[in-house]
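Open the model in a viewer and keep the selection tool at hand. The stops below say what to select and what is found there.

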Amino acid sequence: MLKLSVLDQSPIHDGKEAKEGLFDTIELAKFCESLGYHRYLLAEHHDTPGYASCAPEIMIGAVASNTSKIRVGSGGVMLNHYSSFKVAETFNTLSALYNNRIDLGIGRASGGSFLATRALHTSKSDYSQKAYELINYLDNTTSKQSVFYDLKLSPQGVHSTPVYLLGSSNSSSSLAGVLGAGFILALFIGTHDRNPSILEEYKNSFNKSQNFKEPKASIAVACIVAENKEEAEYIASTHTYWKLQAFRHPSRDELQNPQIVQELIKSLSFEDRKYYEETMNTMILGNAKECKQQIEQLALEYEVDEVIVVNVTYSFEHRKRSYELLAREFNLNKE
């Protein structure tokens with residue numbers, strides 16, 4: 001059975017105040033739980049217009065407090081910015097509070113602007129070393145040779161929180177395999193090809209761990225479901241234009257109404273127009289049946305049993321409707 005999950009970047013919808021994006025995240029999480037989604041992951045973004053959440057560990061608590069069954073986690077904590085031990089203690093506490101339905105996704109990206117990265121990134125430790133230390137803290141497997149061997153997480157007696165590495169290349173997948181972590185391949189980031197061999201490398205390098213006796217790989221895709229592909233592309237134009245501004249120009253803008261975007265793209269340069277189209281083509285767009293077919297095809301191609309769906313829209317209702325249509329097409333609530 002193919003599981004569907006959600007990655008929420010906490011976009012700020014409908015021109016609302018920025019803080020309202022946090023409350024929309026809680027509402028969407030409750031809605032997606034009722035639809036039968038398996039997992040709900042919260043992203044981390046700093047100094048990023050259009051996105052509201054900079055603290056996934058806080059939003060995990062808020063979402064978990066307002067849900068009862070769906071697994072809740074980070075997608076992900078940008079570990080380079082933080083102490084491994086502090087992150088381990090934070091998620092150990094979350095697991096204690098929410099009955100071990102917490103997942104810890106980590107990444108090596110900055111998750112924000114250059115200045116935000118400078119303000120956050122005060123540690124010189126290597127990401128791979130931090131990931132290794134983090135899992136050892138959570139699993140209580142710190143080496144006897146380590147100065148931190150006798151260090152214990154608070155509170156004690158909590159089951160180890162599963163760790164997933166998020167990435168878009170074989171360097172992250174290989175590291176996840178060596179560490180015995182789960183791995184989420186981010187197909188929604190960038191326009192470059194991500195060959196299924198990335199997950200093959202993960203599986204080939206995998207070492208058994210406390211939480212994963214076998215490799216646990218999934219893919220994350222951008223997908224907007226609407227009545228037809230034309231409407232889906234119209235809705236998707238908001239985030240497509242936002243990405244164009246964010247990655248090809250020095251400033252990031254708020255999310256624009258797609259009606260406004262239709263006018264803005266008319267004046268794009270040839271190069272920007274090409275990037276806009278390439279970005280749009282990385283998304284799964286269409287009616288529910290079309291999107292289901294594409295998701296199932298990708299799951300077969302990458303040999304995964306879980307697909308994590310992310311979408312960013314201007315209208316909150318469009319976003320809810322997209323997840324609803326997809327859940328109904330997959331019949332997620334059949335059990």
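Which side chains meet in a salt bridge at 2.3 Å, N to O? Select Asp103 and Arg39: their side chains form that bridge. Keep in mind throughout that the model is predicted. Asp103 belongs to strand S5 (residues 102-107) and Arg39 to strand S2 (residues 39-42), so this pair links distant parts of the chain, 64 residues apart. Asp103 and Arg39 are both buried.

**Whole chain**

Zoom out and show the chain as a cartoon. The protein chain has 12 helices and 10 strands. Its C-alpha trace spans about 65 × 50 × 40 Å along the principal axes. For 335 residues a compact globule would have a radius of gyration near 20 Å, and the 19 Å of the protein chain agrees with that.

Switch to a surface view. The protein chain exposes about 15,400 Å², with carbon and sulfur atoms supplying 49% of that area. Buried residues account for 55% of the 335 residues. Of the contacts between residues at least 6 apart in sequence, 76% join residues at least 24 apart.

The structure holds 16 salt bridges. Select Arg321 and Glu227 next, where the side chains meet in a salt bridge at 3.8 Å, N to O. Arg321 lies in helix H12 (residues 316-330) and Glu227 in the loop between strand S8 (217-225) and H8, so the pair ties together parts that are 94 residues apart in sequence. Arg321 has a relative accessible area of 33% and is therefore partly exposed.

Now go to helix H11 (residues 288-302) and pick Lys292 and Glu296. These residues form a salt bridge whose closest N and O atoms are 2.7 Å apart. Because Lys292 and Glu296 are four residues apart in the helix, about one helical turn separates them. Is Lys292 buried or exposed? At 18% relative accessibility, Lys292 counts as buried, the cut-off for buried being under 20%. Glu296, with a relative accessible area of 31%, is partly exposed.

To see a network, select Arg39, Arg71, Asp103, Lys216, Asp305 and Glu306 together; salt bridges that share partners join these residues. Arg39 and Asp103 from the opening stop are among them.

**Charges over rings**

The charged end of Lys292 sits over the ring of Phe330, 5.2 Å from the ring centre. Then select Lys320 and Phe31, where the charged end of Lys320 sits over the ring of Phe31, 5.0 Å from its centre.

**Aromatic pairs**

A pair of aromatic rings is described by the distance of the centres and the angle of the planes.

How many aromatic pairs does a search of the whole structure find? The search finds six. One of them is Phe85 with Tyr137, an edge-to-face pair with 5.1 Å centre to centre and 75° between the planes. Phe85 is in helix H3 (residues 84-97) and Tyr137 in helix H5 (residues 127-139), and the pair links these distant parts of the chain, 52 residues apart. Both Phe85 and Tyr137 are buried.

Move on to Tyr202 and Phe206. Their ring centres are 5.9 Å apart and their planes lie at 75°, so this pair is edge-to-face; planes over 60 degrees apart count as such. Tyr202 and Phe206 are buried.

Select Asn204, which lies in helix H7 (residues 197-204). At 69% relative accessibility, Asn204 counts as exposed. Draw a distance from Asn204 to Glu263: the C-alpha atoms are separated by 49 Å, and the residues are 59 apart along the chain.

Last, select Thr238 in helix H8 (residues 229-248). Thr238 has a relative accessible area of 1% and is therefore buried.

Conventions. Residues numbered from 1 in each chain as written. Predicted model: local features only at pLDDT ≥ 70, side-chain atom pairs only at ≥ 80, totals over all residues. Heavy atoms only, no water. Phe/Tyr/Trp six-rings, centres within 6.5 Å; stacked < 30°, edge-to-face > 60°. Helix = DSSP H or I, 4+ residues; strand = E, 2+ residues; numbered from the N terminus. Buried < 20%, exposed > 50% of the residue type's maximum accessible area, 1.4 Å probe, protein only. Lys NZ or Arg CZ within 6 Å of the ring centre and 35° of its normal. Rg over C-alpha atoms; globule rule 2.2 N^0.38 Å. Contact = heavy atoms within 4.5 Å. Areas by Shrake-Rupley, 256 points an atom, 1.4 Å probe, with all protein chains shown as cover. Salt bridge = Lys/Arg side-chain N within 4 Å of Asp/Glu carboxyl O.
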